[in-house]
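Have a go at each task before reading its solution.

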Amino acid sequence: MTALVSILLVLTIAHAIGLACGLAILAVERGKSVHFDLRGISAFVRELCAHLLFLGLKIGDRIRPNPCRSPHAQGSRTPVLLVPGYADGRSTMLPLASYLRTRGWGWVHVANHTPFSAPLPDLADSVAREVRRLQEASGSDQVDIVAFSMGGVLSTWAINHLNCSERVRSLVTIATPFSGTRTAVFGMRRQASDLLPDSACILDLGVPQVPATAIRSTFDTVILPVSSAELPENDPQYTNHLVHWHGHHAMLLSTEVFALVAHALDADT
């Protein structure tokens, strides 16, 4: 028990230091002084708790269930594929999956990234395979994708470069760096280099060739610059939503973000 407590303490301190460094980088990016108030402290704590929660749930990332229909299904909504981000597994998307299922979405399938470390196009190919699996299981001509962080880049690559544009009805992204992110320099997996703003993959990515909604936060310490997570404002097929005081992973526990996702999926029905 003592060893477990010690491990948790070390992990908590490590995550807290990492988050504090991210806030410092965000402050430099904005060129504004750092001011701590109750909202900022609350957002810091919630982001730290989100990191620790998802770390504890990682044991479930090894599970790769087949797509199945929820008993709470209502009507004939388009099946939804949830795609996690960098170094994340299906566990990070389970709260959102539960939210959608209890609100009537029948087919909600969570993808897992394979392989562990690979160029971004290879990981995007696994997303394309999950799209086809969900189509076959549900019998639907198209699916919707809701993707977090790097998952949105993979989904966009699959849509634009892997012949998924006809298979995907719409895309909803949460904190996705369409123009790359500078923090990718700290990534240890092969795909991290493909997330840098000047990488060949980011330069070739393009904007999604399907209707898309992008949700981003002003408190995101991972996607830098924050504007990288938005889509063109002057194109009617794209919608942007900006939320406040939500850290990168805390967005995956936010009912405000979940409601925006559900609204975007319903709006395209």
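**Exercise 1. Find the residues that form a nonpolar patch on the surface, and place L253 in the chain.**

Step 1. The patch consists of L53, L57 and L253, which together have about 220 Å² of accessible area. Areas here come from the Shrake-Rupley method with a 1.4 Å probe, and for residues only the protein chains shown count as cover. Like charges are joined within 9 Å, and nonpolar side chains (Val, Leu, Ile, Met, Phe, Trp, Tyr) within 5 Å.

Step 2. L253 sits in the loop between β6 (238–243) and α8 (255–267). Helices (H or I, at least four residues) and strands (E, at least two) are DSSP runs, numbered from the N terminus.

Step 3. L253 counts as partly exposed because its relative accessibility is 35%. Buried means under 20% relative accessible area, exposed over 50%, and partly exposed in between (1.4 Å probe, protein chains only).

A note on the model: it is predicted, so local features need pLDDT of at least 70 and side-chain atom pairs count only at pLDDT 80 or more, while totals for chains, interfaces and linings use all residues. Residues are numbered from 1 along each chain as its sequence is written, and side-chain values use heavy atoms, leaving out hydrogens and water.

**Exercise 2. Describe the largest nonpolar core and say which element gives the largest share.**

Step 1. A nonpolar core is a set of buried Ala, Val, Leu, Ile, Met, Phe, Trp, Tyr and Cys residues joined through side-chain atoms within 4.5 Å. The largest one has 35 residues, and L81, L120, I145, L154, V168 and L171 have the most contacts inside it.

Step 2. At least two residues each come from β1 (80–83), α4 (120–138), β3 (143–148), α5 (150–161), β4 (168–174), α7 (200–205) and β5 (212–217). The largest share, seven residues, belongs to α4.

Step 3. Now look at L120: beyond its neighbours within four places in sequence, this residue is in contact (heavy atoms within 4.5 Å) with V153, L154, W157, D194, L195 and C201.

Step 4. Another core lies apart, with 31 residues, including V110, A250, M251 and A264. In soluble globular proteins, nonpolar side chains tend to be buried together.

**Exercise 3. Is N163 buried or exposed?**

Step 1. Locate N163 in the loop between α5 and β4.

Step 2. N163 has 68% relative accessibility, so this residue counts as exposed.

Step 3. The C-alpha atoms of N163 and A128 are 8.5 Å apart, though the two are separated by 35 residues along the chain.

Terms used:
Patches are made of residues with over 30% relative accessible area and no salt bridge: like charges are joined within 9 Å, nonpolar side chains (Val, Leu, Ile, Met, Phe, Trp, Tyr) within 5 Å. A salt bridge is a side-chain nitrogen of Lys or Arg within 4 Å of a carboxyl oxygen of Asp or Glu.
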